[in-house]
Amino acid sequence: MKNPGMTRRDFLRTTGVAAIAASGVVPLLGQEEVRKSTNVVLIRHRSVVSGNGVADRRILEGMLDEAVTMVFNAATPQEAWSRVVVPSDVVGIKTNVWRSLRTPIELEETLTNRVIAAGVSPEDVSIDDRGILSNPVFQRATALINARPMRAHAWSGVGGCLKNYIMFSPSPPDFHPDSCVDLGALWNLPNVKGKTRLNILVMLTPQFHCLAPHHFDKEYAWTYGGLLVGKDPVALDAVGLKIIEAKRRLYFKEDAPMRPPAKHIAAAEKKHGVGIADMQKINIIRLGWKEDSLI
Amino acid sequence: MRTFLPVSVDGWTISEPPRLYSGKEIFEYMDGAGEVYLAYRFERLLVQRYARPDQEEILVEIFDMGASQNAFGTSTYMRGRGPGVRVGRDGEFKNGLLCFWRGRYYVCVKIERENPRATRALLTIGKMIAKAIGVDGERPRLLGCLPAGAYQPKTVRYFFREEILNTHFSLPEGILLPLKGIAEGLLVRLKRDRSHLLVLVYSDVADAESAYQTFSKTSVQDDSMAGISRSQNGTWTACERINHCLMLNVDASTTKGAHDILATVGRRLP
C-alpha cells in the first residue's frame, strides 16, 4: 500500500495537488504521479446493520453522503452530488438483485433521492439490474451509478463492481471463459464507456466463501458494516478482495486465497485499462469505525 | 424429473408450474455460477417451488447431469459444507440447504430460514425425491485408486475441468503443471499430514508426459531427486506418471511419505 494510514487531511492535500496539477501550475511529473494513483474511500459504521441484517437507512444515508463528499473533495454532500450528476443527465443506477445478498433497497432509494435532489428529472432516473438493455432510461443514459454487494463467486472468484456490468452485454456468457478474466472489457462497451460517475461496493455483510454455487450460506458472510466508494471500479474491487481474503485467513486459520482466483481484477488494469488494481497505487481513505477493518 | 416430485407434504403444495432449463438456459435461472454445473456436463434443471400459508417457501432444484459420475462430481464440488444426513447419496444439510446425488441427478432442496416444521418437510421432500429416482448410480472408477482410511472423505473433489480444480486448490508457487487435455481428476486431503493428493487422467499419454516434463523442469531443484520438489515452507511435492495418469502429493511432510502414497495409488489405478 502506498499510504495505508492516509487521513482525511492527507487526502485533501493530495486532491489539492490534483487541482493545482489540473490548472497547469505544477510540472508534468506531478500530473503523471497523480494519474498513476487512485483514491478509494472506506467508510464503516458499527451500527449500520441491525441484528436481523437490515440496513439502518439513516446511518446508511450519512455514510454515503460522507463518502461521496470525500470522493469528490467537496465541502458539503449537496456540492458533492452536484458533481456526480447535473440536471441535464439521464441516470441509470445499476443495482444487483440477487435475492440472498442484494444491493440494499435503502441504498437504492438514497441514490435515487440524491440524484433527483441534484436536479435530475425523476423520469430520467432508473434503477435496474437484469433489464437494463431494454430499459428506456438506461438506453439513453448519459451517466451511470454502480452499486452492488461484494461476494465470493463460484466462477469469477468474487462478484464486485466490475462483474456488476455483465448485464450490459447482450450475451453475458461470452464473458465467462477463463473464470471471467475479461470482465474489464465490459467497461469499454459503447453503452458503458466513460459514463460511470460513481461506484459503490457494498461491504455491509460481504460473503467471503461459497461452496454451493448459487446458494447463500450465512456461515460465510459477516457484518463488516462498510461501503467502499470511489470512481475507479477496479480499485474498489481490489480493496474489497483484500478484505475478503483477510477474512478467509481468519476463518480458515490458514492462508486461503480466493478460489478460483479473481484474476479479472488485475486483468481489468493490465489488459483492459479501465482502472488500477495495483494496491501500491491505491490510497485508502478510512472514515468511521476502524475496528477489525482487515486492511 | 417431474415424476420425482411429491404433490404435497405436510401442507406444502406446489405453488407454481415447474420450470425447466436445458444446457445454457441455466444462465436464465442463475448467473455465471451456472458454469459450475456446465463444467460437470449439466443437461437439464427442473425448479419447483412449494408453499404453505405462513410458512417458508421450499425450493427444489433437480439437476439432470446426464451420468452418475457427473452427478457425483457435482456433489463433491460442494461437499463438506454441512453435516451428513441420510438422504440420497452423500446427503448434507446445513443452514436450510439439503444437497445430495443419486443416479444421474444432483438435488438441492432449500428454505431461506429454518424452523422445525419446514426443516422436517424439506427433508421429507428430499427423501421422496431420492426414493423416486430409484437407482443409486455408480461412483467414478478412479476413486478406487484411493487407499481406504488414508484420506479425509469430505475433501474428495472429482472434476473434469481446470476451473473446478482451481476452486479448491492451487499448486505451490513456482510449480507449473499444464492441465490441457485432462479427462478427469481427483483431489483429496490426506489424513497423515493434511497434504493434498492430486490424480489427473489425461486423454492422451503425450499430454500426461508433457505435463510431467513441465513439472520436472519448473520445480525440481536437484537432478538427483527427479520428480520431487521442496517448497519454501519446507514441505515436499512429488510427481509421478503412469501411462495417462499423473499423480502428485503436494505439501507432504516427508519425501518417503510422498513416494509411498504415490506408489500405493499407482498400483490401484483403474
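**View 1. Strand β6 of chain A is a mostly covered strand.** In this predicted model, strand β6 of chain A, which spans residues 196–207, has eleven of its twelve residues buried. On one side of the pairing, strand β4 of chain A (residues 143–153) runs parallel to β6(A) and is joined to it by seven bridges. Strand β7 of chain A (residues 226–230) also pairs with β6(A), here in the antiparallel sense and over five bridges.

View 2. Which residue of β6(A) stands opposite Ala147(A)? That residue is Ile200(A), and Ile200(A) in turn stands opposite Val229(A), a residue of β7(A). The view can therefore be read across the strands, given that a pair of strands is counted once at least two bridges are found between them, with the parallel pairing of β4(A) and β6(A) resting on seven bridges and the antiparallel pairing of β6(A) and β7(A) on five.

**View 3. Chain B meets chain A through several elements.** The contact between the chains draws 19 residues from chain B and 21 residues from chain A. On the side of chain B that touches chain A, two or more residues are given by each of α2 (34–39), β7 (97–102), β8 (105–110) and α5 (162–168) of chain B. Helix α5(B) gives the most to this side, with four residues. By residue class, the side of chain B that touches chain A is made up of eight nonpolar, six polar and five charged residues.

**View 4. The two assigned domains of chain B touch one another.** The domain assignment divides chain B into domain 1, covering 2–133, and domain 2, covering 141–268, and the centres of these domains, taken over C-alpha atoms, are 33 Å apart. Where they meet, eight residues of domain 1 of chain B are in contact with ten residues of domain 2 of chain B. Helix α3 of chain B (residues 68–78) supplies the largest share of the domain 1 side, namely four residues. The residues on that side of domain 1 comprise four nonpolar, three polar and one charged.

**View 5. Chain B is shown as a whole for orientation.** Seven helices and 14 strands make up the secondary structure of chain B, and its C-alpha atoms fill a box of roughly 70 × 35 × 30 Å along the principal axes. Of the 270 residues of chain B, 44% count as buried. Among the contacts in chain B with a separation of 6 or more, 60% are between residues 24 or more positions apart.

Technical notes. Residues numbered from 1 in each chain as written. Chains lettered and ligands numbered in written order. Predicted model: local features only at pLDDT ≥ 70, side-chain atom pairs only at ≥ 80, totals over all residues. Domains from an automatic or database assignment. Contact = placed C-beta atoms within 7 Å. Nonpolar A, V, L, I, M, F, W, Y, C, P; charged D, E, K, R; others polar. Buried ≥ 20, exposed ≤ 12 C-beta atoms within 10 Å, placed from the backbone.
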